[in-house]
Amino acid sequence: MIYEVRTYTLRTGTAPELVAELAGLGAEVTVEACDVSDRDQVADLLARHRVSAVVHAAGVLDDGVLTQLTPERLATVLRPKVDAAWHLHELAGELSAFVLFSSAAGTFGGAGQANYAAGNAF
């Protein structure tokens, strides 16, 4: 199935080459900062932009053995993966596609990556 690209909203810091490539394909490209782990920011962004598909590929590492993980370290890793995906799920409305990227760590684990594995399993 082929989807016509009309509008992408990209994170600040996205490679200018990608913006140029999408624009060359006929997309209207908007680059705007949004912390998608912040529900209010996601709601504001989606109120201003029509979104027909979401591709969520966020991830943060803060490796450490389980006994070293604090609630803060766990939250640092879970916020961009879990909270952000949930906010997008709840707020994006009717979509043609909702794609969540994960890591094999979510299935197989990884040494010192309990928080990362948990976020990817979600």
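A contact means heavy atoms within 4.5 Å. Among contacts in this chain between residues at least 6 apart in sequence, 52% join residues at least 24 apart.

This is a predicted model, in which local features need pLDDT of at least 70, side-chain atom pairs count only at pLDDT 80 or more, and totals for chains, interfaces and linings use all residues. Residues are numbered from 1 along each chain as its sequence is written, and side-chain values use heavy atoms, with hydrogens and water left out.

**Overall layout**

The chain has five helices and four strands. Helices (H or I, at least four residues) and strands (E, at least two) are DSSP runs, numbered from the N terminus. Read from the N terminus on, the elements run β-α-β-α-β-α-β-α-α. The accessible surface comes to about 7,900 Å², and 57% of that belongs to carbon and sulfur atoms. Such areas come from the Shrake-Rupley method with a 1.4 Å probe; for residues, only the protein chains shown count as cover. Of the 122 residues in the chain, 26% are buried. Buried means under 20% relative accessible area, exposed over 50%, and partly exposed in between (1.4 Å probe, protein chains only).

**Strand S3 and its partner**

Strand S3 covers residues 53–56. S3 pairs with strand S4 (residues 97–100) in the parallel sense, over four bridges. Two strands pair if DSSP finds at least two bridges between them. Across the pair, Val54 stands opposite Phe98, and His56 stands opposite Leu100.

The covered face of S3 holds Val54 and His56, while Ala53 and Val55 are on the uncovered one. His56 is buried, with a relative accessible area of 5%. Leaving out residues up to four places away in sequence, His56 touches several residues, including Val36, Pro80, Ala84, Leu88 and Leu100. Val55 counts as exposed, at 59% relative accessibility.

Val55 also belongs to a nonpolar surface patch with Val99 and Phe101, and together they have about 270 Å² of accessible area. Patches are made of residues with over 30% relative accessible area and no salt bridge; like charges are joined within 9 Å, nonpolar side chains (Val, Leu, Ile, Met, Phe, Trp, Tyr) within 5 Å.

**Salt bridges**

The structure holds three salt bridges. Each is a side-chain nitrogen of Lys or Arg within 4 Å of a carboxyl oxygen of Asp or Glu.

| Pair | N to O distance |
|---|---|
| Arg39 and Glu90 | 2.4 Å |
| Arg48 and Asp44 | 3.0 Å |
| Asp62 and Arg73 | 2.9 Å |

Asp62 sits in the loop between S3 and H3 and Arg73 in helix H3, so this pair, 11 residues apart, links distant parts of the chain. Asp62 is partly exposed at 22% relative accessibility.

Arg39 forms its salt bridge with Glu90. Arg39 lies in helix H2 (residues 39–48) and Glu90 in helix H3, so the pair ties together parts that are 51 residues apart in sequence. Arg48 and Asp44 are four residues apart in helix H2, so about one helical turn separates them.

Pro71 is in helix H3. Pro71 is exposed, with a relative accessible area of 64%. Pro71 and Asn115 are 44 residues apart in sequence and 10.0 Å apart in space, C-alpha to C-alpha.
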